[in-house]
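Please look over the sequence and the structure first, then read the points by topic.

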Amino acid sequence: MTEKKDEMAEDQAQLDEALAAALDEDFGELEALRAERDELRDRFMRALADAENARKRADRDRREAENYGGSKLARDMLPVFDALKRALDAAGDEVRAAAPALIEGVELTQRELLNVFARHGIVAVAPKVGDKFDPQHHEAMFEAPLPGTVAGDIIQVMDPGFLLHDRLLRPAKVGVSSMPKA
């Protein structure tokens with residue numbers, strides 16, 4: 001009987017050992033599946049983030065192309081504005097009296113060009129004499145000492161500058177005072 005008990009105990013130990021080995025194997029397999037699941041979840045989350053970043057980048061690129069895609073054409077149109085301005089500035093009283101319809105036509109053309117510019121987000125940067133020089137929006141064409149001014153004051157405006165939305169197309173061309181501080 002003891003032999004039978006020993007045999008049963010030995011069988012039970014073998015069964016327990018086999019069960020423990022099977023459980024260890026299953027547990028190892030379960031851990032491997034969990035690790036694989038975590039890796040796949042991480043890859044999925046990274047792919048989602050990459051897709052979102054690509055969408056945002058494409059949206060930003062689209063907005064920039066929409067807003068600034070015509071900047072080259074806009075820059076090429078600025079000399080047309082300058083020519084119209086010079087024509088109006090050059091027209092003296094005699095020309096204005098002799099050809100008022102021509103002057104009015106040039107003025108209307110200039111206004112229409114400015115309206116087209118405004119519709120496309122192009123605005124003039126028109127500093128005034130006495131304003132402070134801003135290198136972000138102005139280009140100093142010359143410096144001269146002018147009594148009654150402070151160094152860095154604009155003393156003459158040659159050409160207005162232009163912005164396309166928030167980007168500078170062309171700086172305003174100005175003369176700047178170099179008067180030493182008293």
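Is His 165 buried, partly exposed or exposed? The model is a predicted one, and in it His 165 has a relative accessible area of 36%. Being buried would take a value under 20% and being exposed a value over 50%, so His 165 counts as partly exposed.

**The turn at His 165**

- His 165 sits in the loop that links β4 (161–164) and β5 (167–170).
- β4 and β5 make a hairpin, and 2 residues lie between the two strands.
- The phi angle of His 165 is near 55°, which is a positive value in a residue other than glycine.
- Most residues other than glycine have a negative phi.

**The antiparallel sheet**

- β1, β4 and β5 form an open sheet of 3 strands, in the order β1-β4-β5 and with antiparallel pairing.
- β1 (122–125) and β5 are the edge strands; each has a single partner strand, so one side of each has no neighbour in the sheet.
- On average, neighbouring strands in this sheet are turned by 35° against each other, direction ignored.
- β1 is joined to β4 by 4 bridges, and the two strands run antiparallel.
- β4 is joined to β5 by 3 bridges, and this pair also runs antiparallel.
- Phe 162 has a bridge partner in each direction: Ala 124 is paired with Phe 162 in β4, and Arg 170 in β5 is the partner of Phe 162.
- In a regular strand the side chains alternate between the two faces of the sheet.
- Both faces of β4 are covered, with Gly 161 and Leu 163 buried on one side and Phe 162 and Leu 164 buried on the other.

**The mixed sheet**

- A second open sheet of 3 strands has the order β2-β6-β3, and its pairing is mixed.
- Its edges are β2 (138–144) and β3 (154–159); each has a single partner strand, so one side of each is left without a neighbour in the sheet.
- Neighbouring strands here are turned by 25° against each other on average, direction ignored.
- β2 and β6 (residues 172–177) run parallel and are joined by 6 bridges.
- Within this sheet, His 138 stands opposite Ala 172 in β6.
- Strands of a sheet pair through backbone hydrogen bonds, either parallel or antiparallel.
- Ile 155 belongs to strand β3, and with a relative accessibility of 16%, under the 20% limit, Ile 155 counts as buried.
- Ile 155 and Met 8 are 147 residues apart in sequence, and their C-alpha atoms are 112 Å apart in space.

**The largest nonpolar core**

- The largest nonpolar core has 15 residues, of which Phe 117, Ile 122, Phe 162 and Leu 169 touch the most other members.
- At least two residues of this core come from each of α2, α4 and β4.
- α2 gives the largest share of the core, with 5 residues.

**Helix α2 and Ser 71**

- Ser 71 is part of helix α2.
- The relative accessibility of Ser 71 is 19%, which is under the 20% limit, so Ser 71 counts as buried.
- Between Ser 71 and Leu 168 there are 9.8 Å in space from C-alpha to C-alpha, while the two are 97 residues apart in sequence.

**The largest pocket**

- The space in the largest pocket is about 230 Å³.
- This pocket is lined by 16 residues, and the closest to its centre are Gly 70, Leu 73, Ala 74, His 120 and Ile 122.
- α1 (2–68), α2 (71–90) and α4 (100–119) each give at least two residues to the lining.
- The lining is made up of 8 nonpolar, 6 polar and 2 charged residues.

Conventions: Residues numbered from 1 in each chain as written. Predicted model: local features only at pLDDT ≥ 70, side-chain atom pairs only at ≥ 80, totals over all residues. Heavy atoms only, no water. 1 Å grid on protein atoms, 1.4 Å probe; cavity = no way out; pocket = protein on both sides within 12 Å on 5 of 7 lines; lining within 4 Å. Points joined across faces, edges and corners; volume = space filled by probe spheres on them. Nonpolar A, V, L, I, M, F, W, Y, C, P; charged D, E, K, R; others polar. Pairing = 2+ DSSP bridges. Axes fitted to C-alpha atoms, helices over the stretch in contact; angles between N-to-C directions. Buried < 20%, exposed > 50% of the residue type's maximum accessible area, 1.4 Å probe, protein only. Core = buried A, V, L, I, M, F, W, Y, C linked by side-chain atoms within 4.5 Å.
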